[in-house]
2 protein chains.
Amino acid sequence: MRVALLGGTGDIGEGMALRWARDTDHEIVIGSRNAEKGESRAADYRDRLSERGVDTDVSGTDNANAAAGSRIVVASVPPAYAADTIEAVRDDLAEEAIVVSPAVAMARDETGFHYDTPEAGSVAETVAAVTPDEVPVVSAFQNLAAGALTDLDRELDLDVVVSGDDADAKGVLMELAEEIEGLRALDAGALANSAEIESITPLLINLAMNNDGMHDLGVRFQ
Amino acid sequence: MRVALLGGTGDIGEGMALRWARDTDHEIVIGSRNAEKGESRAADYRDRLSERGVDTDVSGTDNANAAAGSRIVVASVPPAYAADTIEAVRDDLAEEAIVVSPAVAMARDETGFHYDTPEAGSVAETVAAVTPDEVPVVSAFQNLAAGALTDLDRELDLDVVVSGDDADAKGVLMELAEEIEGLRALDAGALANSAEIESITPLLINLAMNNDGMHDLGVRFQ
């Protein structure tokens, strides 16, 4: 399966690229607004995995070329750019494409980090508003810390909460999430339930700030 | 320490009463709008714990008498009544009282359960607005399922996320939470961070509705 990480040069894209490249045989494509930057980051990820003895299928290009022909298209960009990034590749999306929204809109004030509710209700719904109707959007991966994913020595034991209105697309994403060692995928129902998933991320940061020894937190439901 | 559970006849109050009564030596007082109902529920909790060989200090009365003289006053009532319940006992609160807000405002539609953000930002801040300035308010216990707490055979391995603006009060609550076997207390910072804690509760219900074998979920950060 071809998995495109648009904005895969950023820290959360890096984490997901490294984990998928290490733990699966999927073709991972790093997208960037600048094709050369995408290529050079992909080479960096390949090198780091190669040093660990893992041969991987990671390449880099621009966002449009990354999206074209990919089954999975992840908008791993800051929330303010998520909709624009997907809108820019609308016409490049494959017939079977699934768009994935992992971004979280946050604001910080003197009390801590807060969920900054987008007008559409959540970042995922903001992305869905610009995605072609026939392409399903799945909300996922918001509650994984880049620091935990990129540290390949760190063993994960975390949940990925997934929501979306297309059951088949959600199923594909849940399987893809669980191919990363130590991740369990849970179904939170409709895309309209994404806000409560996204809201956990500022709480994870507040917890890391206020509790000794806690860093790069994730969540587990039990 | 005297712990009052206002509305302790409801299911989450029942769960907290049973767990504190079983696991600690604190004096647990069940408050109700109706003193006789408070007394009869307290007798029921005592009997159930006595059948398990646990002698407990649980009594029942009306909310005002429960609040009077208590160090901890928990507004374990539905969110719509939380502020009114605390306002009604304002003048009964002890000098050292700490008010605790465990309620969550939720709405349900065809897509699932959603956090129904109160005007003040969170239920805890709604409660704080009617609590005397000198009495600290702590937000806690939102993410524990009544069904998990009341099933005393169920072993817990869950987090209680606590937020509040008075560090001492928060410390007292964190200790009290950890006296329940299997609970770990985490500090989420200021009371203004309560919304992100409260928002997890509708997600817990959505997850239980959409994943086979998951019931009465709680959360663990790692």
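This is a predicted model: local features need pLDDT of at least 70, side-chain atom pairs count only at pLDDT 80 or more; totals for chains, interfaces and linings use all residues.
1. Contact is taken here as heavy atoms within 4.5 Å. By that rule, and not counting residues up to four places away in sequence, A:Asn63 touches A:Leu6, A:Gly7, A:Gly31, A:Ser32, A:Arg33, A:Thr85 and A:Val89. A:Asn63 belongs to helix 3 (residues 63-67) of chain A; helices (H or I, at least four residues) and strands (E, at least two) are DSSP runs, numbered from the N terminus. The relative accessible area of A:Asn63 is 11%, and the residue is buried, where buried means under 20% relative accessible area, exposed over 50% and partly exposed in between (1.4 Å probe, protein chains only).

2. Residues are numbered from 1 along each chain as its sequence is written, chains are lettered from A and ligands numbered from 1 in the order in which they are written, and side-chain values use heavy atoms, with hydrogens and water left out.

3. In chain A the residue lies in the loop between strand 8 (137-139) and helix 6 (146-150); B:Phe141 lies in the loop between strand 8 (137-139) and helix 6 (146-150) of chain B. A:Phe141 is buried at a relative accessible area of 2%, and B:Phe141 is buried with a value of 2%.

4. B:Lys170 lies in helix 7 (residues 167-178) of chain B and counts as buried at 8% relative accessibility. Its side chain reaches the backbone oxygen of B:Gly164 at 3.1 Å. Beyond its neighbours within four places in sequence, B:Lys170 is in contact with B:Val138, B:Val162, B:Ser163, B:Gly164, B:Asp187 and B:Gly189.

5. Turning to the interface, 36 residues of chain B are in contact with 37 residues of chain A. The two chains bury about 2700 Å² between them, 60% of it on carbon and sulfur atoms; buried area is the accessible area (1.4 Å probe) that two parts lose on being put together, summed over both. In chain B, the residues that lose the most area to chain A are B:Glu196, B:Leu203 and B:Gln222, together 25% of what that side buries.

6. Between chain B and chain A there are 11 residue pairs in polar contact (both at pLDDT 80 or more). A polar contact is a pair of N or O atoms within 3.5 Å; within protein, one must be able to donate a hydrogen and the other to accept it, and residues adjacent in sequence count only if both atoms are side-chain atoms. Helix 9 of chain B supplies the largest share of the side that touches chain A, seven residues.

7. Strand 11 (residues 219-221) of chain A and strand 11 of chain B run antiparallel and are joined by three bridges; strands pair if DSSP finds at least two bridges between them. Within this pairing, B:Arg220 is the bridge partner of A:Arg220.
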